[in-house]
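User: I'm new to this one and have a few quick questions. Can you take me through it?
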Amino acid sequence: MAAHPEPAPRIDVVAALKEAGLAALVALGLAIPLVGFQTVERIDGLGIDTRFGWVAVAVAAVFAGRLLLIFVQGSRHWGSRPKRRFVRLGENTKSHLRIVGMIGLAFGLAMPLLPFADRYYVDLGTTVLIYVMLGWGLNIVVGLAGLLDLGYVAFYAIGAYSFALFAIHFDVSFWAALPVAGILAAFLGVLLGFPVLRLRGDYLAIVTLGFGEIIRIILLNWYDFTGGPNGLSGIPRPSFFGLEFSRGEGGFAATFGLDYSPMHRLIFLYYVILVLALITNLFTLRIRRLPVGRAWEALREDEIACRALGINPTITKLSAFAIGAMFGGFAGAFFATRQGFISPESFTFLESALILAVVVLGGMGSQTGVVIAALFLVLLPEFARELAQFRMLLFGGAMVLIMIWRPRGLLAHREPTVRLSDGPPAAEQSA
Amino acid sequence: MRGAGGMEYFLQQLINGLTLGAIYGLIAIGYTMVYGIIGMINFAHGEIFMIGAFVSLISFLVLGTIGLTWIPLALLIVLITAMLFTSIYGWAIERIAYRPLRGSFRLAPLISAIGMSIFLQNYVQILQGARVKPLQPVITGGFVVADSGDFTVVLSYLQIIIMATTLALMIGFWAVITRTPFGRSQRACQQDRLMAGLVGINVDRTISLTFVTGAALAAVAGLLVTLYYGVIDFFIGFLAGLKAFTAAVLGGIGSLPGAMLGGLLIGLIEAFWAAYFDSEYKDVAAFSILVLVLIFKPTGLLGRPEVEKV
């Protein structure tokens with residue numbers, strides 16, 4: 001069609017107005033009960049206030065927005081051009097991603113040593129990296145294997161609680177308990193996944209959601225073991241190969257002849273999570289090229305074809321599910337040692353949704369996308385405090401819009417990692 | 001009340017469980033119909049139920065402010081308002097979040113639905129506040145069914161209303177599905193959407209109407225919960241949605257009588273678990289049943305096996 005001159009965009013103004021009017025009418029119906037009236041607490045019970053001004057604003061906004069959308073769509077010729085643009089966009093970002101990834105890695109390594117890095121920034125960086133690691137862990141499950149896990153936080157919680165309990169009751173150090181936390185989380189992942197992964201994908205989503213709730217309820221009610229809503233406190237901090245970050249003799253600072261500073265521990269924690277996250281990333285990048293990793297991506301694309309080729313879908317999915325759970329467990333153990341205190345409140349569904357948002361907004365399967373999304377989701381409420389209460393609202397809205405606009409996420413990884421040699425040029429390993 | 005054994009205690013739990021089950025059943029129908037017609041789990045359906053509860057609460061308050069206090073009329077008006085406005089939400093959600101994704105890859109509508117669910121929760125929280133909203137009891141009193149001296153079995157008027165409303169809606173809804181043109185196109189789309197479109201059924205409109213009816217039934221459930229518990233907050237949709245979905249799976253997803261049966265069973269299990277074992281773990285019981293059903297009978301009690309064709 002490229003040879004033909006593009007027909008001038010013609011927009012039927014009357015139809016557009018009619019369409020926008022309908023949208024405004026629906027908006028009116030949506031706004032009247034929940035925007036137009038507000039429940040207020042009065043002395044004699046619940047009362048009601050009206051804010052019809054807001055309704056008018058909302059309806060006007062929808063009317064204008066719908067008109068704008070029609071004109072934008074009309075002038076852009078949807079259906080013929082966007083597809084090509086998306087491909088080109090994908091090509092562009094692909095070559096830049098490596099450079100961006102390198103710069104990001106260098107910045108991540110140097111961050112705590114930069115002059116502006118005070119307590120607050122190092123701590124914030126640690127939080128970002130926890131979400132990056134969780135995102136990368138969940139990316140194995142959602143992005144590579146295409147399994148929607150809505151209870152990822154359960155594995156995070158299991159990691160945190162198993163480390164905390166081991167450390168409190170048996171005096172096990174962080175490094176010794178870390179693998180145990182991961183293995184326990186993976187084991188529970190297998191237990192949960194085995195029955196469910198044989199079924200349609202959507203069931204997995206709802207069962208993991210229920211599983212996350214079960215774990216939270218158990219943590220909340222098993223007072224003797226988990227401390228119930230009070231949580232567990234007094235979780236030991238990690239040590240630098242046996243050296244405590246404490247003042248005085250035998251501490252980290254004294255051994256290396258430095259002045260004691262509480263920053264040492266924060267910087268150490270930052271590097272621990274950085275290394276853990278990078279291990280997750282490296283693991284994912286390598287396993288993608290192994291037969292099992294290729295099987296995950298193939299399963300995501302077409303399960304029936306995979307079965308015909310002799311891949312056992314249940315075992316393959318189970319491995320992705322368990323490995324994702326294991327990294328969640330690692331991150332949980334780190335979270336526990338960093339906070340020194342954990343309670344069921346840190347492991348709600350909201351947290352699962354947040355981690356999923358990191359993966360989905362970043363682009364399923366894209367490792368760089370996860371970093372960008374984690375930065376965005378953690379830093380946005382940090383730097384825009386007045387927006388904090390709208391945070392989840394924006395996340396939810398963004399998830400819907402991104403699915404509609406680019407169903408595979410912003411930086412989607414759709415290219416197969418490995419290709420036959422006489423096919424199209426081998427796909428660059430996109431980080 | 002705990003510890004009282006015997007027939008009377010059992011009877012009371014049976015009544016409570018059936019009441020709860022009727023409400024779950026109403027919500028479960030929305031899940032099962034949507035799943036049947038477009039094969040997706042509508043995660044936002046729990047939120048639709050929550051919005052129904054809020055619209056009911058607000059309507060009650062508005063009626064109270066303008067001084068309408070004759071209860072039967074007030075109930076009727078609230079019922080109609082809640083169904084109407086909540087249906088608009090159901091329609092809009094389908095139009096905005098799901099329709100553009102029809103034919104997209106498998107996970108896209110599911111993620112969009114989760115996004116919608118988070119969005120709606122926070123939308124209501126911001127607009128109406130995060131505090132629990134209490135409502136004065138509207139209907140009080142009841143029959144004494146049995147009295148053994150130390151334990152009285154009460155069937156409240158409200159419980160009768162809940163069960164009667166549910167029963168009436170079920171019958172009405174069943175008639176709509178089996179005897180009207182909409183029901184016919186709904187069933188046709190469920191069997192084969194492409195073929196239904198070829199023989200002249202407006203598939204888009206049928207799907208929209210499916211969401212609208214599902215939302216209207218969820219709104220009734222919202223109203224009944226508001227009356228029954230007297231308190232609601234922006235988060236009630238999450239647990240109720242999860243349990244109603246469990247009910248739909250238990251009964252066999254895609255099957256309407258299954259949804260009702262599953263709802264009743266989940267309600268009964270929850271009531272008896274809370275009464276005889278541990279009320280803190282009653283939610284755990286419901287989810288464990290979901291997992292067990294999926295292991296041993298993935299098609300549910302009344303569902304048909306799903307055959308995947310290439």
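User: Start with chain B. How many helices and strands are there?
Analyst: This is a predicted model. In it, chain B has 11 helices and 4 strands.

User: What does the radius of gyration of chain B agree with?
Analyst: It agrees with a compact globule: for 310 residues that would give a value near 19 Å, and chain B has 20 Å. The C-alpha trace of chain B spans about 65 × 50 × 40 Å along its principal axes.

User: And how much of chain B is buried?
Analyst: Of its 310 residues, 49% are buried.

User: What about contacts in chain B between residues at least 6 apart in sequence?
Analyst: Of those, 74% join residues at least 24 apart.

User: Now one residue. Where is B:Thr206 found?
Analyst: B:Thr206 sits in helix α8 of chain B, residues 203-229.

User: Is B:Thr206 buried or exposed, and why?
Analyst: B:Thr206 is buried because 22 other C-beta atoms lie within 10 Å, and the cut-off for buried is 20 or more.

User: Which residues does B:Thr206 touch?
Analyst: Leaving out residues up to four places away in sequence, B:Thr206 touches B:Ser185, B:Gln186, B:Cys189 and B:Ile201.

User: How far apart are B:Thr206 and B:Lys243?
Analyst: They are 37 residues apart in sequence, and 26 Å apart in space from C-alpha to C-alpha.

User: Switching to chain A. What should helix α15 span?
Analyst: Helix α15 of chain A, residues 367-383, has 17 residues, so at 1.5 Å a residue it should span 24 Å. Its end C-alpha atoms are 24 Å apart, which agrees.

User: Which residues in α15(A) are buried?
Analyst: Among them are A:Gln367, A:Gly369, A:Val371, A:Ala374 and A:Leu377.

Terms used
Residues are numbered from 1 along each chain as its sequence is written. Chains are lettered from A and ligands numbered from 1 in the order in which they are written. This is a predicted model: local features need pLDDT of at least 70, side-chain atom pairs count only at pLDDT 80 or more; totals for chains, interfaces and linings use all residues. Helices (H or I, at least four residues) and strands (E, at least two) are DSSP runs, numbered from the N terminus. The radius of gyration is taken over C-alpha atoms; the globule rule is 2.2 Å times the number of residues to the power 0.38. A residue is buried if 20 or more other C-beta atoms lie within 10 Å of its own, exposed if 12 or fewer, and partly exposed in between; C-beta atoms are placed from the backbone. Two residues are in contact if their C-beta atoms, placed from the backbone, lie within 7 Å. The expected span of a helix is 1.5 Å times one less than its number of residues.
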